[in-house]
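User: I'd like to go through a structure with you. Can we start with the overall layout and then look at one helix?

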Amino acid sequence: MSGTNPLEHVVQHPIKEIPLDAGLLTPEGVVTLMSDHIAMTILAGLVLCLLLPLALRRSRKSGEGVDRLVTTGFAGAIEAICEYLRKEVAEPTLGEHTDRFIKYVWSLFFFVLTINLLGMLPIGVITPLAFGVHIGGTATGNIWVTGTLAVMTLLMMVINGLRLGKVEYLKHFCPGPWWMAPILVPVEIAGLLAKAFALAVRLFANMLAGHLILAVLLGFILSAGSVSTGAGLGVAIPAVLGSVGISLLELFVAFLQAFIFTFLTTLFIGMSVVFHHDDHEEATAH
Amino acid sequence: MKTMQIKSQKGSQSTVGAAVAPVAAVAASAVAALGAAGPAFAASGGEENIFSGNLGNAVWTLVVFGTVLFVLGKYAWGPLLDVLQKREQFIHDSLAEAKEDRDQAESRLAEYTSRLQEARGEASKIVEEGRRDAEVVKARIDEEAREEARKVLDRAKREIEVAKQTAIKELYTSSATLATEMASRILRKELSAAEREKLVARSLDELDQFDTN
């Protein structure tokens, strides 16, 4: 491809890394200590840790009695999302365990959402000029980030399954008669890992794809521009309009994928900790 | 411009930025920057790998998410969950209370309705009774009035009778006196006063006899 490679806009750009060999965990023989994706992850963390407590505190610093139960302003929006996740997503699957896991569920949703949305900021264009380093990009477009989140979900499933379900949870791995165990147990374990794997890949691929399309669309302008200025301008108009449309779609996808990741995590945890003795159906949510 | 320098280093599109019209320059340079800034920081070199990343990303993600979970759990989700649970309880209590109130109101309404019906029945009974009493009183008053009228009539008749008798008696007396006077005058013989009295008394006796007949 002449000019730029669209992949350059979506992959991680390391700022500081040290050589270290940890086998599969360091495929390139290095550990990245700081990169644009890591910076965006930290930024998302800061935004969440500052914004949400402030928003939720301000809304009910005054008022007595019933007033304390009424939320106003931005906190109302946060609360509406949280209430929805709690009542419509968590409660049907987690049941009595809802409030045990709800803080994790809420944190996960807002963490993924914030990273997704921050990835929509075109600050990757400005930061090299302002700070000399590239900061920007979508950290959830990094399989190592989504993979980590998926592994956390996997651990939540297994650890809480064992903690709350004990033998009941282990029985889950052999839903048939005992002599079927040699076949069923590996299949169940594979299914467990597949859930986490699908979770990681789904978020990663969705966030990567949108930004890749944007990069390709805008790359057309440069490709056409290298032929002639007129061609570059001619291509620029539909390309920019198209990228605006894709950006709007991306905003929607940012919310959608954050919700799907959270929803499936909740569903999977629910499958591990809530036991129905009569049916052992596995939800096929891939 | 730095972006231009970067681009000329790449040596692929050095003519683009320079020739673009001023109006389009801003947009084009932004796009160019987007395109050019990337490779300058692809420090690891080689081909771009969409799976690029390593243990560092995982550890950072864990650390940041852990911090978010802790901080939000303490300062955002805790209070929020508290409010949600309290509100849930409040709504539940309010609804239960409202239901209880409504049930109470309904039973009270039924009670009052039956009481009202009772009162209405009683009232109509009282009116009926009153009407009956009134009828009785009316009949009695009628009867008494008739009685009274009859009495008055009887008394009047008696008084007329008495007056008539008196008148007759008076007429008789005066006519007897007149007659004896005329008779004595005719006879030119004056009766003594005593004789005249005697004569009158006899005439009256005769009248009484006549009257009793």
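**Chain B, then a helix of chain A**

User: What share of the contacts in chain B with a separation of 6 or more is between residues 24 or more positions apart?
Analyst: Such pairs account for 47%, where contact means C-beta atoms, placed from the backbone, within 7 Å. This is a predicted model, in which local features need pLDDT of at least 70, side-chain atom pairs count only at pLDDT 80 or more, and totals for chains, interfaces and linings use all residues. Residues are numbered from 1 along each chain as written, with chains lettered from A and ligands numbered from 1 in the order written.

User: How many helices and strands in chain B?
Analyst: Five helices and zero strands, counted as DSSP runs (H or I, at least four residues; E, at least two) numbered from the N terminus.

User: And how much of chain B is buried?
Analyst: 15% of its 213 residues; buried means 20 or more other C-beta atoms, placed from the backbone, within 10 Å of the residue's own.

User: Switching to H2(A), where does the helix bend?
Analyst: At Arg86(A), by about 30°, the angle between axes fitted to the seven residues ending there and the seven starting there. Arg86(A) is also among the buried residues of H2(A), as are Leu85(A) and Ala90(A).

User: What does Val105(A) touch?
Analyst: Leaving out residues up to four places away in sequence, Val105(A) touches Leu85(A), Ala90(A), Thr262(A) and Thr266(A).

User: What follows H2(A)?
Analyst: Gly95(A), just after the helix, has a positive phi of about 55°.

Terms used:
Buried ≥ 20, exposed ≤ 12 C-beta atoms within 10 Å, placed from the backbone. Contact = placed C-beta atoms within 7 Å.
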